[in-house]
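Good morning, and thank you for making time for this presentation. I shall go through the model shown here, chain by chain, and take brief questions of my own along the way.

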Amino acid sequence: MTPLLSAAGVTAAILVWAAVTVAGVVPAQTLPGPAPVAARILTLLTDREFYEQFLDTLTTWVLALGITGVVAVPVGLLIGYFAFLRRPTELVIHGLRSVPSTALLPVAILFFGLGLQMKFAMVAYAIIWPLLLNTAYGVRSVDPTAMYVARSLRWSTPRSLVGVVLPSAAPGIASGFRIAGGIGLVVVLSAELLGASRGIGTVLVRYQQSDQPDFVYAGIVLVGALGILLQYTLGQLELRLIPWSPAAR
Amino acid sequence: MRLQSWSFVIPCILALVATACSGAPVQSASSSSPSAAATVTAQPTAAGPVAVKVTTLALCNESYLYWGMEHGIFEKHGLKVETVKTQGGSAGIAAIVSGAADFSFTNGLTAILSFNVGFPIQIVAGAYESPQPPKPPSQALFVKPDSPVKSPKDLVGKKIGVNELGGINHIVTAAWLRKLGVNPQDVNWVALPFPQIVQGVVQGRLDAGQAALANIGANDVRVLGDPFREGVNKVIFAAYLATNSFIKDHPGVSEKFQAAIAESIAAVEDPKNLDAQFALAAKNCGNDPKVLAKQPQQEYEAAIDMATMEDMGKLLIQEGYLTKAPDMTKLVPEFARKK
Amino acid sequence: MVTGRPLGPRAAARGWLERPIRVLGAIWLAVVLLVAWELKFRPGESVFMPPMSAILGAFVQQWFVLDPGQLFVTDHFQTNAVPSLLRLAQGWTIAAAIGIGAGLVLGIWRPALAFLNPLIRFGMSTPSTALLPIVIVVFGITSSMNVALIAMGSTWSVLINTIDGVRSLDPTMINAARSLRLGRSAFFWRVLLPSASPQIFAGLRISLGIALILMVVSELYAATSGIGHVMVFAKTTFRFVDMWSAIVFVGVLGLLLNGLFGLVEARVLRWKLESSRGAGGS
């Protein structure tokens, strides 16, 4: 039933889109109808160069999410666990996470150039904060009874961290990854739209400059589809790795 | 269910590994830390050409670049050119300072401003200037056909679309308004990509817009004039910059680049090559050759006119971006100057 | 923290130090980072990164002025910061209202959620800057356009978190409500909403951060004033001190907003924290 409903939802959206274009609410030069966009989607999917740019974006996303995650989760655990670290770090984090990556683009280009490294830096900057914060919040929701048991078993701090805190914080960490995944994709695209030399965003910009909106929206639809796919993948990973998470209910 | 969920993940991981192993981030090999601005990109081999990275905006105007690469002109001068796509001139400057590129395709005003702020750059070659009479104008300040705006003087308090705040188009348009007695501060400047500016004017979202005639294309608008003709003397629309350390560490390479650009320009201006030139440019910039053929051509010029540089310095002072013009002789080395 | 034990004389004498020490305990990391910047980026070291002292100096000078008549803020602040803040407030409020409203409906009504789920996931993944042309056409080049972009970009986290919050309602609660024969309205206001509220607040906090970022990003193009407008103009004309001053402004703004939000959140969720504390939590 659910997949049928979802399909119905998508169909309804496409119909609304077609209606808006036909009615001329938004001129065709700004928003083409679903038919031309669908045709362009097929063109792009069979274009080898687009596929390469697509992989570039995807690679950046995976690398950034993975490596930043590996750094952020241990640090986040420490921040959440040690009270004296929590307040000063949260202060700095809330300040720094308010600054858009795009504002730091010139600095990023200066330090890292125009390629993968720069995009990685931009995405890492954008997603490290939700990862840190969500991990720290996850630590705070650890079951005190479990900590009590660990303490009475005389577990050392590192062992408690890995054996009790980490599993309890895991649902919070997972939700952090989902948020970071969503933000990460948007930031990669923004970096490509605004300055990088490779990736789907650069393709979109090229079509935007040459005033071919049907290609631009074809690209956007594909990016959205990628986003859905990535979110689904993260959700599935969470189900596999953290069966005790509330999301599995 | 188990197989289904993992089946999404495995192709993704394989794709990641495949791309990583194929050495995708080649360009990052050349980027270095900011304190070591010396690039490692230009590697002179014993007998082979020197590899250089040149930023490009993939514009149709860069036809000479495409021609030079296609017809081996750069190779003739001992250079192997690789293009690096950037979004704008200032990104190009960041690219050469960081070492991600060697030559940056940037407009003249941006070059002066960055030099003035302390960027270690010089202009090594020209690309094109704003066309002077008798050549037809290439830029326009335009309004909707039925707009109440009859002259730029009527634009006080109105919204004008330009492609970049503080960019060359904005500065020059402001200069024209100032010349007509309008204080540019009394106008609302809005930054938008060129196609959006055109659509914005056509749909009545903007009171006026500034873009190249090439961007306007077939859209129905009324042109008030060309700010680059009426508002200022000649300006250098586009040129190539390099860092001081690149010039010092690779003696002769910048001179060769300038000579190659000059020869490529001569080639595309040759009437014999017109059709082929349009076809090649169209292929690289994603446009139609017939459309390109009808558009006004730029004033290609590979050497920098020092008088024009002085004029641009005065323009920047007049518009409040500079208090004192920098020493243009330090910005433009001997070999790049017009004799 | 209240133990009911009277303070001894030594502790009482130390009492006046407690406040400053707590403040110091919170800001030491920030101070360390600022000092590190100042030591690393001396004048002339890098054109893009001016010394922190120069940035802070410009920051104070550009945005604030010692004049009570002007409410201690400069004209520059009034022309640019005020419109930006207004857009942020309007955009985020709309996002919160839509997010919570739609989230509650979709959380309760499963079929509707299934219907809209792909569209929600799709909307989350598109960068708002890609939708700029459409928004301009619909709203023109006015503040409403920025508000629309901010609202469109920040609804998602509120929406999704609200849906999650509603769906993770403990089944025992539902049974308890049923056995107490709670009416629909009472169930909603007394059981569902309070249970989902921590999750909703988490979503609101995230969306506030996103809204702030979108406020700046939406002004990089198609705006005639604003903090983002100032930032991009400074960047294009290579006035990096001004650019960093605007960035610091945004950072400080983010800190203040988070602090305010934390206070409101603590107040509203007070009962929740107390009940979990009573159960032996820390």
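**Chain B and selected sites in chains C and A**

Chain B contains 15 helices and eleven strands. Please bear in mind throughout that this is a predicted model. Of the 339 residues in chain B, 51% count as buried. As for how the chain folds back on itself, 78% of the contacts in chain B between residues at least 6 apart in sequence join residues at least 24 apart.

Let me turn to the domains. Chain B is divided into domain 1, covering 37–130 + 235–336, and domain 2, covering 139–230. The C-alpha centres of these two domains of chain B lie 27 Å apart. How many residues of domain 1 of chain B are in contact with domain 2 of chain B? Eleven residues of domain 1 are in contact with nine residues of domain 2. On the domain 1 side, the elements of chain B that give two or more residues are helix H5 (108–117) and helix H14 (306–318). By class, the residues on that side of domain 1 comprise four nonpolar, six polar and one charged.

Next, the sheet in chain B. Four strands form an open sheet in the order S3-S10-S4-S11, with antiparallel pairing. Its edge strands are S3 (104–106) and S11 (299–300) of chain B, each of which pairs on one side only. Strand S4 (residues 121–129) and strand S10 (residues 236–243) of chain B run antiparallel and are joined by seven bridges. In that pairing, B:Ile121 has B:Thr243 of S10(B) as its bridge partner. Helix H4 (residues 89–98) of chain B lies across S3, S4 and S10 of chain B, and runs at about 155° to S3(B).

I now come to helix packing, beginning with chain B. The axes of helix H2 (residues 63–70) and helix H12 (residues 274–285) of chain B come within 9 Å and cross at roughly 100°. H2(B) and H12(B) are therefore roughly perpendicular to each other. H2(B) contributes B:Ser63, B:Tyr66, B:Trp67 and B:Glu70 to the contact, while H12(B) contributes B:Gln277, B:Leu280, B:Ala281 and B:Asn284. The residues of this contact divide into four nonpolar, three polar and one charged.

Among the residues making the contact are C:Ala54, C:Phe59 and C:Trp63 of H2(C), and C:Trp244, C:Val248 and C:Phe249 of H10(C). By class, this contact has nine nonpolar, two polar and one charged residues.

Finally, two individual residues. C:Ile174 belongs to helix H7 (residues 171–179) of chain C. Why does C:Ile174 count as partly exposed? It does so because 15 other C-beta atoms lie within 10 Å.

In chain A, A:Ala126 is found in helix H6 (residues 116–140). Is A:Ala126 buried or exposed? A:Ala126 is buried, with 26 other C-beta atoms within 10 Å. Beyond its neighbours within four places in sequence, A:Ala126 is in contact with A:Ser101, A:Ile183, A:Gly184 and A:Val187. A:Pro158, by contrast, is 32 residues from A:Ala126 in sequence and 29 Å from A:Ala126 in space, C-alpha to C-alpha.

Conventions
Residues are numbered from 1 along each chain as its sequence is written. Chains are lettered from A and ligands numbered from 1 in the order in which they are written. This is a predicted model: local features need pLDDT of at least 70, side-chain atom pairs count only at pLDDT 80 or more; totals for chains, interfaces and linings use all residues. A residue is buried if 20 or more other C-beta atoms lie within 10 Å of its own, exposed if 12 or fewer, and partly exposed in between; C-beta atoms are placed from the backbone. Two residues are in contact if their C-beta atoms, placed from the backbone, lie within 7 Å. Axes are lines fitted to C-alpha atoms, for helices over the stretch in contact, and angles run from 0 to 180 degrees between N-to-C directions. Angles under 35 degrees count as roughly parallel, over 145 as roughly antiparallel, 65 to 115 as roughly perpendicular and the rest as oblique. Ala, Val, Leu, Ile, Met, Phe, Trp, Tyr, Cys and Pro count as nonpolar, Asp, Glu, Lys and Arg as charged, and the others, Gly among them, as polar. Domain bounds come from an automatic or database domain assignment. Two strands pair if DSSP finds at least two bridges between them.
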